[in-house]
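Please keep the sequence and the model in view while reading.

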Amino acid sequence: MPRTETAAVVVRLPAVLVDLFPGAVRRIEMSVSTVREMIDELDKNWPGMRDRICDSRPAIRKHMNVFVEGERATLKTRLKPGAEVFVLTAISGG
Amino acid sequence: MAEKVLVLLGTKKGAFIAESDAERRSWKLRGPFCETWPMNHVVADQATGTIYGAGGNDWFGPAVWKSTDLGETWTHSSEGLAYAEGEEPIKAVWSLAQANGSLYAGVQPAGLFRSDDAGQSWSHVEALQKHPSRPHWNPGGAGLILHSLVIDPNDHDRIWIGISAAGVFYTGDGGKSWEPRNLGTRADFLPEGENYPEFGQCVHNLVMAPDMPDRLYQQNHCGMYRSDDGGKRWVSIEKGLPSTFGFPAATHPRDPDTLYLVPLNGDSAGRYVPDAKAAVWRTRDAGREWQAMRTGLPQENAYIGVLRQAMATDRLEPAGVYFGTSSGALFASADEGESWASVAQHLPAILSVETLVVDD
């Protein structure tokens with residue numbers, strides 16, 4: 001991919017997700033241009049993390065949310081340089 | 001060498017382990033494990049002591065958890081534990097069984113996966129999904145789940161599965177081809193005259209008698225059954241039971257004629273133990289006669305239910321019997337069901353009970 005299409009973004013992960021992967025951290029910077037690429041990169045860092053955020057449709061899991069600039073994102077959502085991405089768990093369970 | 005017993009609990013909020021010496025009078029409880037995920041089935045490899053947990057989390061989806069140090073530390077994986085893109089994703093893993101170095105997982109929506117590397121990665125046993133009956137499978141109350149997995153210890157290619165509410169299916173070739181095995185089991189919820197279909201029965205639990213791989217017992221939504229020919233034909237053994245309805249069934253570790261059940265008061269009356277008096281019902285003659293085992297169990301205001309995988313025996317002599325309730329109580333018998341004691345209360349809803357006996 002041409003370098004001009006990638007962007008350094010900041011990704012923030014929820015503690016309950018990070019706890020599933022020894023060595024994972026709550027905040028990571030990476031150069032990616034879409035949410036899908038971001039999740040691929042997370043999975044490279046901590047194998048298996050993709051499955052926790054995405055299902056096999058593939059799509060972001062029903063009770064997971066990825067917010068980009070305050071808006072709920074999909075795998076196709078593009079990331080601008082400097083974007084801050086929040087991966088959050090939705091209200092769920094009982 | 002002294003032995004100790006681990007009772008492995010899958011609960012709605014994590015796995016727990018109750019541990020005792022071979023006397024089984026005093027217990028210590030450890031947990032919750034698996035990050036408090038709902039754990040539908042926690043089992044142990046009796047040879048290695050490795051513990052596996054079948055889970056499904058509302059946030060994070062399905063995974064199989066694993067501990068090689070008797071529950072002290074855990075890892076999880078779902079690599080390959082997925083249907084093809086575009087299909088309804090797997091929600092949870094519901095059942096586990098192992099044989100000949102392979103670990104099998106039953107999932108929701110109903111399907112079967114196999115791992116040949118101790119739960120690290122999984123491959124889909126696709127032929128089950130390709131069975132011509134598949135478009136007609138309907139979910140039971142808990143969803144379309146593959147909850148029972150029984151493998152012939154002498155011939156690992158022979159596998160029986162139970163799906164709610166598609167019924168029992170059998171493969172004799174390691175999963176390459178499947179056939180329904182429901183002849184003789186009722187489906188009371190179908191129109192009159194259509195109550196004995198080829199498939200579509202609501203099997204609740206399927207277990208195999210020790211050293212008699214062709215003898216299977218089945219607790220069904222509509223009756224209790226035994227088969228002596230690998231499920232080709234089922235006969236009712238519900239006469240003498242207080243109800244035709246229940247979920248769990250547990251075999252004795254050595255006697256193929258002994259079986260334990262917890263009948264409930266029917267599918268539309270609360271699904272409690274009958275008359276709110278707890279009892280495990282035991283047969284010593286393959287279901288011809290039944291005896292209620294009540295000593296030590298609550299006999300007043302016991303509005304308890306026991307879910308399909310929440311009863312087990314251990315391999316000690318005499319055999320221990322255990323069951324967990326959907327209201328979070330664990331009961332144990334160290335004398336084959338004759339008398340009972342409370343091991344734990346106030347746990348999350350207990351979804352599964354299995355045992356592991358190891359050298360202390």
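The model is predicted.

## Chain A: elements and order

Chain A contains seven strands and three helices. Along the sequence, these elements follow the pattern β-α-β-α-α-β-β-β-β-β.

## Chain A: dimensions and packing

The C-alpha trace of chain A spans about 45 × 25 × 25 Å along its principal axes. The radius of gyration of chain A is 13 Å, which agrees with the value near 12 Å that a compact globule of 94 residues would have.

Of the 94 residues in chain A, 29% count as buried. Among the contacts in chain A with a separation of 6 or more, 54% are between residues 24 or more positions apart.

## Chain B: a sheet of four strands

Strands of a sheet pair through backbone hydrogen bonds, and the pairing is either parallel or antiparallel. In chain B, four strands form an open sheet in the order β3-β2-β1-β28, with antiparallel pairing. Strands β3 (28–33) and β28 (350–359) of chain B stand at the edges with a single partner strand each, so one side of each is left without a neighbour in the sheet. From one strand to the next, the twist averages 20°.

## Chain B: the pairing of β1 and β28

How many bridges join strand β1 of chain B to β28(B)? Nine bridges link β28(B) to β1(B), which comprises residues 3–11, and the two strands run antiparallel. Opposite V7(B) stands T355(B), a residue in β28(B).

How values were computed. Residues are numbered from 1 along each chain as its sequence is written. Chains are lettered from A and ligands numbered from 1 in the order in which they are written. This is a predicted model: local features need pLDDT of at least 70, side-chain atom pairs count only at pLDDT 80 or more; totals for chains, interfaces and linings use all residues. Two strands pair if DSSP finds at least two bridges between them. Axes are lines fitted to C-alpha atoms, for helices over the stretch in contact, and angles run from 0 to 180 degrees between N-to-C directions. The radius of gyration is taken over C-alpha atoms; the globule rule is 2.2 Å times the number of residues to the power 0.38. A residue is buried if 20 or more other C-beta atoms lie within 10 Å of its own, exposed if 12 or fewer, and partly exposed in between; C-beta atoms are placed from the backbone. Two residues are in contact if their C-beta atoms, placed from the backbone, lie within 7 Å.
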